[in-house]
Number of protein chains: 2
Amino acid sequence: MEKVLQNLREVVTEKPMDVIIRQIKELLSTGQLQPGDKLPPERKLSEKFGVGRTHVRDAIRKLEFYGIVKTKPQSGTFVASIGITALESLISDVLQIDVYSFLSLVETREVLELQSVALACDRHTPADIIKLENSLTNYLSKVEHGVKAVEEDFMFHLTIAELSKNKVLKSLLLIIIPDILSNYSIFKVCDIATDKAIGEHKLLFQYIKERNCEAATGVMKTHLKGVMDFAKSLSQ
Amino acid sequence: MEKVLQNLREVVTEKPMDVIIRQIKELLSTGQLQPGDKLPPERKLSEKFGVGRTHVRDAIRKLEFYGIVKTKPQSGTFVASIGITALESLISDVLQIDVYSFLSLVETREVLELQSVALACDRHTPADIIKLENSLTNYLSKVEHGVKAVEEDFMFHLTIAELSKNKVLKSLLLIIIPDILSNYSIFKVCDIATDKAIGEHKLLFQYIKERNCEAATGVMKTHLKGVMDFAKSLSQ
DNA sequence: AATTATTTTTTGGTCAACCAATTTTATGTT
DNA sequence: AACATAAAATTGGTTGACCAAAAAATAATT
């Protein structure tokens, strides 16, 4: 009985938008819709799914955001011309069927940050160094007074990503950082900035400025090691 | 005169949604809007910015997607309670995120794939190997008959990401793959699969199966080197 | 005066009608 | 029959009116 109520609750709770996305996924799975195909018009979809056109448009917009479909005004909405398996995986992501583990997030963050700092060493300009220094100062001014500065910490890292001149890196970091932060607050990691962490930030700035790539990536690796170890301990 | 026309074109071309996001950014920059504050109601915003309420809603939805604002039904939309600097940076990124350079995409792909293959070596199960072999067979069956198999190629790589047991890696690869593919078709790279590429795919499978991490990542690196070199030549 | 109950207003959510660009179909011309 | 032209239907985009939940203001009660 409980189970039934719970299922009912789930169905009721699920947003109309997600219902439609799920249905479209079904159309793809059953082959009624193939990569490159034109989607049925919004009106037909809203009628078929018994839902308002607004919700259909919401769903399509969300899918478009992920590159799953592409809308041509006054013409139609088309399924992306990529492999059917990739499409289904993408839609699963959109529906947030998977929950990201903290370890997955940290592992990915590490690899993005290492690349980020390496490229930053190569590509930064004098103006960039000023930007990075400001970001560091902003962080230090809080942390050296014992004030939490998780955001400023991440902002410093994002600034490094900016120096890398690689917008994809920065965007992907932006995507996963909120997830990491929510895990931080759950697990209460990094509540106080250690002297070690503060020193590492300063070193990072120095090595990047000197274009000492190896040293900079080394510091970044040790800098992230603590979180990484904690994440690993969780997953066991 | 040209300049004027160009600017005019830019203004006209810029989507109403982005205009509104820019205005909201301005409200934040000038302190009229602070973290945690309630945004003016959608009707007021549409009136103030001289634009339909639909577009205001579009803009708010986009900002919500990036975690910049949070909407409570029948109550209001609230600016996220994070640092003003982080907010402004985030919102700038939202406005910038349009086109990624091919080099940025490939650089990021490389680092994700290298991590992906390394983890896959460690973590794959017997069932995974069957999955990967199927994916390889699927690729070979096309490519050994001289048929293009860009989709199957990427699916093989995506399967490796699956073996890594890191869902974040897989999701991020999924996000950038469509962008990379569109660049492929623009630049007509990878039109025919070379014997070298085919051999590398077979090697990748073999080394992953044997859990030979170093050899596998080495093959992956040379596998992606061609595209990387091409991307670098473009950016110069 | 404090608290509760009720009404009013505000606000995001939803819907149905309408618009303009596009595509398709029909019509006319050579 | 082939092509060009024009009318009709289709389709995503946009707007304004309306809905219900939430918040605020007002009235009633203790």
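How many salt bridges does the rule find across the interface of chain B and chain A? In this predicted model, the rule finds five. In one of these bridges, the side chains of B:Asp93 and A:Lys170 meet at 3.0 Å, N to O. Polar contacts link 17 residue pairs between the two chains, counting residues at pLDDT 80 or more. On the side of chain B that touches chain A, at least two residues each come from α4, α5 (84–96), α6 (102–123), α8 (150–163) and α9 (167–187). α9(B) gives the largest share, eleven residues. By class, this side of chain B holds 22 nonpolar, ten polar and nine charged residues.

The contact draws on 41 residues of chain B and 39 of chain A. About 3,500 Å² is buried between the chains, with 62% of it on carbon and sulfur atoms. Within chain B, the most area is lost to chain A by B:Glu107, B:Val168 and B:Leu174, which together make up 15% of what that side buries.

A polar backbone atom of B:Glu42 is 3.0 Å from a phosphate oxygen. For A:His55, a side-chain N or O atom lies 3.2 Å from a phosphate oxygen. A base nitrogen is 2.8 Å from a side-chain N or O atom of B:Arg53. Two or more residues of this surface come from each of α4 (53–65) of chain A and α3 (42–48), α4 (53–65), β1 (69–72) and β2 (76–79) of chain B. The largest share, three residues, comes from α4(A). The surface near DNA strand C comprises two nonpolar, ten polar and seven charged residues.

Note on methods: Residues are numbered from 1 along each chain as its sequence is written. Chains are lettered from A and ligands numbered from 1 in the order in which they are written. This is a predicted model: local features need pLDDT of at least 70, side-chain atom pairs count only at pLDDT 80 or more; totals for chains, interfaces and linings use all residues. Side-chain values use heavy atoms; hydrogens and water are left out. A polar contact is a pair of N or O atoms within 3.5 Å; within protein, one must be able to donate a hydrogen and the other to accept it, and residues adjacent in sequence count only if both atoms are side-chain atoms. Helices (H or I, at least four residues) and strands (E, at least two) are DSSP runs, numbered from the N terminus. Ala, Val, Leu, Ile, Met, Phe, Trp, Tyr, Cys and Pro count as nonpolar, Asp, Glu, Lys and Arg as charged, and the others, Gly among them, as polar. Contact means heavy atoms within 4.5 Å. Buried area is the accessible area (1.4 Å probe) that two parts lose on being put together, summed over both. A salt bridge is a side-chain nitrogen of Lys or Arg within 4 Å of a carboxyl oxygen of Asp or Glu.
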